[in-house]
Amino acid sequence: MRILTLIENTRASKKLYCEHGLSFYIELNGKAIVMDTGASNLFLKNAEKLQVDFSSTKAIEPLLCVISHNHTDHTGGLEPLLKLRPDTKVFAKKDVQGNYYRRVGPLSVSLCWNRNFLSKYKQNFVLFEQFQEVCEGFYVMGCEVFNEKHMLHDRRLLMKKQGKRITRLVPDDFKHEVFAVVFPHFYKSSGKPRRDKGCVVISSCSHSGIVNILETVKLTWPESPILGVIGGFHMDGLLGATEGYIKRTSTELMRLSDGCIYTCHCTGEKAYERLKSHMGDQLQSLKTGEELIF
């Protein structure tokens, strides 16, 4: 399995673009998957520079796309991708149909698609409840463990809730968020994934808590060691993370993962340095243009 970071907040080369957003390109057993599309079309420009040709249906067929949650720093480049590749199949939870906002001072700024987007591209979407196979060995699912001691609540992030009489904004419950569990090893005879050889977890923002997410994976596939963890931990600005929370998260990450942990995007530099002081070389940062092989 190959994972290439198409866009992230930082970059490994000045020849590449970066932005507050996230997109991964994944090759697995002859399939191509895009996980998130950044905040704009810049991930497509980087893909061209990194010799990933999305325009060629012969080179990549079919093209699969996973949307981790309905925030613009992960969905902003989806329409440019769909215009370039109208055959793209997009996987997302049904809850992405909700309305999501960020509080900026006295204002509530929309973070989601406009009301016509999903209807315009409905033929491209596969909307699911909680668990979905994207292709052989690649699964997406919502978090099922919600231990409060492993969560940081960002009160700036809101969702619209319809009551009996009024519609109001309440804290986002992130039921629209999913993470990916990928099994990179396959039986040569059948092309089926070897779950006993382990999995890789890709969680773009981990709003439910990265420890809760890994506990969900362990509950679902107890026989599979976690070979690697990739993604953002939503600690940028630290969000009130105490030293106790940082140490507890570090301890649990080292316990749950048998391999290296690559973090990026919304983890933030300050939280990364504090996590790394506990985790050492098991924790690494991931930048635009960098590649992982499992």
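A salt bridge here is a side-chain nitrogen of Lys or Arg within 4 Å of a carboxyl oxygen of Asp or Glu. Keep that cut-off handy for the exercises below, and remember that this is a predicted model.

**Exercise 1. Which residue meets K94 in a salt bridge, and where do the two residues sit in the chain?**

Step 1: Look for the carboxyl partner. The side chain of E129 meets that of K94, with N to O at 3.2 Å.

Step 2: E129 lies in the loop between β8 (125-128) and β9 (131-135), while K94 lies in the loop between β5 (89-93) and β6 (100-104). The two are 35 residues apart, so the pair links distant parts of the chain.

Step 3: Check the surroundings. E129 counts as exposed because its relative accessibility is 53%, and K94, at 37%, is partly exposed.

**Exercise 2. Is K93 buried or exposed, and what does its side chain meet?**

Step 1: The cut-off for buried is under 20% relative accessible area. K93 has 5%, so K93 counts as buried.

Step 2: Its side chain forms a salt bridge with D95, at 3.9 Å from N to O. D95 itself is partly exposed, at 29%.

**Exercise 3. What does the side chain of D36 contact, given that D36 has no salt bridge?**

Step 1: Locate D36 in the loop between β3 (31-35) and α1 (42-49). D36 is buried, and the nearest side chain of opposite charge, K93, is 14 Å away.

Step 2: Look for a polar contact instead. The side chains of D36 and H74 are joined by one of 2.9 Å.

Step 3: Follow H74 onward. Its side chain also makes a polar contact with the side chain of H265, at 3.2 Å. H265 sits in the loop between β16 (257-263) and α7 (269-279), and counts as buried because its relative accessibility is 3%.

Step 4: Compare the neighbours beyond four places in sequence. The contacts of D36 include L22, H74 and S204, and those of H265 also include L22, H74 and S204.

Definitions and conventions
Residues numbered from 1 in each chain as written. Predicted model: local features only at pLDDT ≥ 70, side-chain atom pairs only at ≥ 80, totals over all residues. Heavy atoms only, no water. Helix = DSSP H or I, 4+ residues; strand = E, 2+ residues; numbered from the N terminus. Buried < 20%, exposed > 50% of the residue type's maximum accessible area, 1.4 Å probe, protein only. Polar contact = N/O pair within 3.5 Å; in protein donor to acceptor, adjacent residues only side chain to side chain. Contact = heavy atoms within 4.5 Å. Lys, Arg positive; Asp, Glu negative; His and termini not counted.
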